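Here's a quick briefing to read alongside the model.

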Amino acid sequence: MKQKLENYKNKLIEYWRGKSTKQKGFLFSMVLLFLIIVIGGTVFFTRSTMVPLYNDLSMQEIGQIKAELDTRGVKYEVKNAGSSILVPSEQADTLLVDLAAQGIPDSGNIDYSFFSKNSSWGMTENEFDVMKLDAMQSELANLISGISGIEDANVMINLPKDQVFVSQEQQTASASVVLTTTPGYQFDAGQIKSLYHLVSKTVPNLPTENIVIMDQNFNYYDQESSTTVASGDAYTTQQNVKKDIERDIQRRVQQMLGTMIGSNKVVASVTADIDFTQENRTENLVEPVDEEAMEGLPVSAETIRETYTGEGAAAADEVGVGDEDVANYPAAENGGNGDYERTQDSINYEFDRITREIVESPYKIRDLGIQIAVDNTKGTLNENGEPELLTAQEQTEVENSIASILNSIISTSIDESYGADINPADKTSIVFQEFNGNQAQGQTPTAPMIPMWVYIVGGVLLLAIIGLIIMLVRRNKQQDEEISEEVTTQQTFEVPDIEEPADTEASIRRKQLEKMATDKPDEFAKLLRSWIAED
């Protein structure tokens, strides 16, 4: 066995030495590439893809989950400043079911079923009131979260203390509701009113005016309020009208831009100048029926024609001015002959008579300004781990898109009597700035997905490398077989020994001199000197 290994080793060394430098480099590159592919593929296919198990949890809930995973020996990662936890994708579904069966995470919310499960005689009245309030808030939040367009809700209720005396005035409760709405969803006035009534009827002694509802973008949802001066002074009414107009335009701009860019990527602010001048006037107008000919509608017509020929006829164009003559009629002439003719046309026209009582609206937008702040981050990190920012060209494209929308809103919102000389571009301001804490709630980090073409290219390269290695091995094996065949086919020839000639007297003397030179070099040297002296 050892001899076989030694033979294989010698053959491998001889094979390696028989290759040129180019062939050695090619073989070394193929082996190195094969190792890289095998090792990289093994690492890639054996590594676990981490997916989010829970998102947007509190530190306490993340701690509970972390302790349970440590007990189970499950690999995990904590991301997003401790609000999300990631686990291997193949274990995510099983862990969700197991943790839910154990009541993890425990959010701390109390519902009304808590009292039937944990009622005890040792509970004090204050503890019961606190748990009852917490249960009421949790149940109301769950009730609101089931409404279309609302993803989540947080409710805070402030209940008044019970009165000691019956004669004391009963105090009212108050409530604050924060909604997490679906991006792009718009609530109409009826839905907002229903939401106010839902909260008001759920909590005792809670009027609708003591309820404040807002969303995650700090947009308030108010009930429709009257703008008349029935209560309060004119200044308060005007300020309320101004705020309502600004809030309405701000919500529309925020919703439109939030749908395009992202609700967490843009913030809008609106300032308006309102004209509260009210005008009452009455207009009495007379207009012709035919405006081109400036004529009215003929109502009645009268035509008078008179002719007379004979003695006593008056001269034409002469009227009677005597005592017995009729005014404006021709006077008679004694003994004269003549002709008389008179024609008279009378037409009565009727014109349009219009009476207008005009009450000008006291709420006209005289000027409008819109300020927009846009987050200039792309949501990804660069090589240094810093947020990647928008380029100058991308900012210009976003700014042009926003400017066209704002110009249209300003042009249609400002009253035409004030908007003739207004340039909408001068009324807008767009700023690009990196937001702090710009990650939207509920956004789940996604594991990096490798495109399918990477797998296809890797498989093709692997097959190509395997094919090249097989071809190279076959080629080398074929060359070895050809060399061995050439060696075996070579003919062997026996080379005869050189026959030594027979010893002569000269050869014997030469051998003696060589032996003398080898054994006795001094005597050989003396002999040579004597031969030289004799010559």
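A salt bridge here is a side-chain nitrogen of Lys or Arg within 4 Å of a carboxyl oxygen of Asp or Glu. Keep in mind that this is a predicted model: local features need pLDDT of at least 70, side-chain atom pairs count only at pLDDT 80 or more, and totals for chains, interfaces and linings use all residues. Numbering starts from 1 along each chain as its sequence is written, and side-chain values use heavy atoms, with hydrogens and water left out.

**Salt bridges**

- Searching the whole structure turns up 13 salt bridges.
- D375 and K265 pair up through their side chains at 3.5 Å, N to O. This pair ties together distant parts of the chain, 110 residues apart: D375 sits in the loop between β12 (364–374) and β13 (377–381), and K265 in the loop between α8 and β7 (266–275). (Helices, H or I of at least four residues, and strands, E of at least two, are DSSP runs numbered from the N terminus.)
- Both D375 and K265 are buried; buried means under 20% relative accessible area, exposed over 50%, and partly exposed in between (1.4 Å probe, protein chains only).
- Helix α8 (residues 234–261) holds E246 and K242 four residues apart, about one helical turn. Their closest N and O atoms are 2.5 Å apart. E246 is buried at 13% relative accessible area, while K242 is partly exposed at 25%.
- D248 and R252 also make a salt bridge, at 3.4 Å, N to O, and are likewise four residues apart in α8. D248 is partly exposed at 42%, and so is R252 at 40%.

**Nonpolar patch**

- V31, F34, L35, V38, I39, I466 and I470 make a nonpolar surface patch of about 570 Å². Patch residues have over 30% relative accessible area and no salt bridge; like charges are joined within 9 Å, and nonpolar side chains (Val, Leu, Ile, Met, Phe, Trp, Tyr) within 5 Å. Areas come from the Shrake-Rupley method with a 1.4 Å probe, and for residues only the protein chains shown count as cover.
- Helix α2 gives the largest share, five residues.

**Three-stranded sheet**

- An open antiparallel sheet runs in the order β1-β3-β2; strands pair if DSSP finds at least two bridges between them.
- β1 (50–54) and β2 (77–79) are at the edges with a single partner strand each, so one side of each has no neighbour in the sheet.
- Three bridges join β2 to β3 (residues 84–88), and V78 has I85 as its bridge partner in β3.
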